[in-house]
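I opened a new notebook page for this model. Here is what I looked up, entry by entry.

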Amino acid sequence: MKRSLACSTLVVIVSLSILLSGCTTVKEPPDPRQNPADQIDQEQAAAVNWLDRTAQSFYRTASDGNAQEAREQLQLLESGIRKLRFEGVTSVEGMQALTTVVSDAKRTFNSADFNVDEGFVRAAQVRLAVDALTHKSQPMWHQYYKVMKDDVRGLEKALETPEAVQLRELIVNADNHYRIIRPSVLISKSPTEAETMDSLFKALHTFSTQENSKPEQLKPIVGQLSSEIDRLFGKGTSDKDAFAPVNPPASPFMLISIIGSIIVSVLTYVGYRRYQVERDFVQVKTGRGRQNPWM
């Protein structure tokens, strides 16, 4: 079990190193389509940019293993977050996610049995979360798409074999990868999208730990997870695909037959109703000896 946990941690660290080491901060112009009410003022922008620079410094310090300096920078981050006004920056859920991820990092770095690998993961969570505040259109966590899709492909391949232990390890690894970007998802996306991912991973864990579970039960969940990952990272289908007809007729003659049957049914019903009206119709004579059929 310890060996499995160590392997999972190593996979996470390697993935994070590849993701974050080659990333640079890019200044983006404001989106002209953005609602003016959502625009942040210069004071807020300066505060957010300061948080971004501090988070970068914190991540580098934690990566170098300097725990004491990392603690000091975490304290600065927490102080800056308390002073930040979040209106127009992120949602209430995003604000809670940011404060929570910084608090979790503080507990890790202040722990008596501080673990360097765990500290590295916490530092990556903070770095990605703060970056999501400053780069809304192209946040750094979007580069995690390939990692998540590789996890899904691994699960799909494992479902073709009866090795349940390997499947559980793959689920744990995939869940760990998602947990790293989850605070950033809450900052950038709606809470519903994070809750959907949570429920899918919970279902995978539940089915994989049941003794009588079968691969057929897990395949639909893995398939839905793959679709949700595409949607989460903006890789969904186009509008053309979304409005494509479902199950079109196999032959045009079949379509003509269906329409013809509908027309015949309507004409038959109209004829029957007309017969009923004429049968019950009572003619009333007017005072001039003429018959008024409308009275």
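I started with burial: buried means under 20% relative accessible area, exposed over 50%, and partly exposed in between, with a 1.4 Å probe and protein chains only. My model is a predicted one, where local features need pLDDT of at least 70, side-chain atom pairs count only at pLDDT 80 or more, and totals for chains, interfaces and linings use all residues. Residues are numbered from 1 along each chain as its sequence is written, and side-chain values use heavy atoms, with hydrogens and water left out.

Entry on α2. I took helices as DSSP runs (H or I, at least four residues), numbered from the N terminus. Which residues of α2 are buried? I noted Gln44, Val48, Leu51, Asp52, Thr54, Ala55, Gln56, Phe58, Tyr59, Thr61 and Ala62. Just past α2, I found glycine 65 with a positive phi of about 85°.

Entry on α2 and α3. I used axes fitted to C-alpha atoms over the stretch in contact, with angles from 0 to 180 degrees between N-to-C directions. The axes of α2 and α3 (residues 67-83) come within 9 Å and cross at roughly 160°. That makes α2 and α3 roughly antiparallel, a label for angles over 145 degrees. For contacts, I counted heavy atoms within 4.5 Å. On the α2 side I listed Trp50, Leu51, Thr54, Ala55, Ser57, Phe58, Thr61 and Ala62, which meet Glu69, Ala70, Gln73, Leu74, Leu76, Leu77, Gly80 and Ile81 of α3. By class, I got ten nonpolar, five polar and one charged; Ala, Val, Leu, Ile, Met, Phe, Trp, Tyr, Cys and Pro count as nonpolar, Asp, Glu, Lys and Arg as charged, and the others, Gly among them, as polar.

Entry on α4 and α5. How do α4 and α5 pack? I read an angle of about 160° between α4 (residues 92-110) and α5 (residues 116-134), with axes 9 Å apart. This pair is therefore roughly antiparallel too. Among the α4 residues that meet α5 are Leu98, Val101 and Phe109. I sorted the contact residues of α4 with α5 into nine nonpolar, three polar and three charged.

Last entry, serine 199. I found serine 199 in α8 (residues 191-209). Serine 199 is partly exposed, at 42% relative accessible area. Its C-alpha atom is 9.8 Å from that of leucine 225, 26 residues apart along the chain.

Key
Helices (H or I, at least four residues) and strands (E, at least two) are DSSP runs, numbered from the N terminus. Angles under 35 degrees count as roughly parallel, over 145 as roughly antiparallel, 65 to 115 as roughly perpendicular and the rest as oblique.
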